[in-house]
Amino acid sequence: STQSTGNIAYVESHDQALVGDKSIAFWLMDKEMYTNMSVLSDLTPRVERGIALHKILRLLTFGLGGEGILTFMGNEFGHPEWLDFPREGNGESYHYCRRQYNLADDELLRYKFLERFDKAILSTERKYKWLDQGNGYIFLAHESDKVIVFERGDLCFAVNLHWESFTGYRTQVKTPGKYKVVLNSDSEQFGGLDRIDLNTEYFSYTEDGK
């Protein structure tokens, strides 16, 4: 018998973080990573949106990408800078030949939220093991709403990429019954705005309302 080869997905590889390019976090938040990543500073729209999208990108990749996920060192907490090894072109400098893990350990910096969410995704997958349950099935990919809904394993992933929130949003599901939130990227502990009530239960129904 033949065994199928699994796929490894990633948001950011080492090539993208090498000199000449930007890390994903820096593409999203740019120079404000140097001025507004402190919890003591204003949460600007760019940083708020950048943190939100960084979490969603990782969740989408983890949910739909394949049977495993690769995290390039530092991507789990949104490392701001590129990686550059000592070479003739930079005067044999070691300045960017580093990963600043201290950023995620600093309680006064917002990097901690991204690292917490990364740990939460891993913890959720260990519990529900969707990576071992075949491909995900996309029920909804709404262009104007910027909403993606898919199921994988026993979980339904509802992802809102829009800058606006929705209430009473309806979508198709595979399994009828009662649903509850097991992971919310908008939780305050992940640097979100806590717009979702984790105690809410969601019930499926048929087109005739039953």
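These are my notes on a predicted model of one protein chain.

**Entry 1: overall layout**

I began with the secondary structure and found five helices and seven strands in the protein chain. Read from the N terminus, the elements run β-α-α-α-β-α-α-β-β-β-β-β. I then looked up the extent: the C-alpha atoms fill a box of roughly 70 × 55 × 30 Å along the principal axes.

**Entry 2: burial, contacts and surface**

How many of the 210 residues count as buried? I noted 38%. For contacts between residues at least 6 apart in sequence, I found that 55% join residues at least 24 apart. The accessible surface of the chain comes to about 12900 Å², and carbon and sulfur atoms account for 52% of that surface.

**Entry 3: charges**

I looked up the charged side chains and noted 24 positive and 32 negative charges.

**Entry 4: Tyr-205**

Is Tyr-205 buried, exposed or partly exposed? Its relative accessibility is 46%, so I put Tyr-205 down as partly exposed, since that class falls between 20% and 50%. The side chain of Tyr-205 has a polar contact of 3.2 Å with the side chain of Arg-170. I also checked Tyr-205 against Ala-104, 101 residues away along the chain; their C-alpha atoms are separated by 43 Å.

**Entry 5: aromatic pairs**

I counted the aromatic pairs and got nine. Among them is the pair of Phe-117 and Phe-190, which is edge-to-face, with 5.3 Å centre to centre and 70° between the planes. Where do these two residues lie? Phe-117 is in helix α5 (residues 111-128), while Phe-190 is in the loop between β6 (178-180) and β7. The pair links distant parts of the chain, 73 residues apart. I noted both Phe-117 and Phe-190 as buried.

Trp-130 and Phe-157 also form an edge-to-face pair, at 5.3 Å centre to centre with 85° between the planes. Trp-130 belongs to the loop between α5 and β3 (137-142) and Phe-157 to strand β5 (residues 155-160), so this pair ties together parts 27 residues apart in sequence. Trp-130 and Phe-157 are buried.

Which residues form one aromatic cluster with Trp-130 and Phe-157? I found Phe-62 and Phe-150 in that cluster.

Key. Residues numbered from 1 in each chain as written. Predicted model: local features only at pLDDT ≥ 70, side-chain atom pairs only at ≥ 80, totals over all residues. Heavy atoms only, no water. Helix = DSSP H or I, 4+ residues; strand = E, 2+ residues; numbered from the N terminus. Buried < 20%, exposed > 50% of the residue type's maximum accessible area, 1.4 Å probe, protein only. Contact = heavy atoms within 4.5 Å. Areas by Shrake-Rupley, 256 points an atom, 1.4 Å probe, with all protein chains shown as cover. Lys, Arg positive; Asp, Glu negative; His and termini not counted. Charge placed at Lys NZ, Arg CZ, Asp CG, Glu CD. Polar contact = N/O pair within 3.5 Å; in protein donor to acceptor, adjacent residues only side chain to side chain. Phe/Tyr/Trp six-rings, centres within 6.5 Å; stacked < 30°, edge-to-face > 60°.
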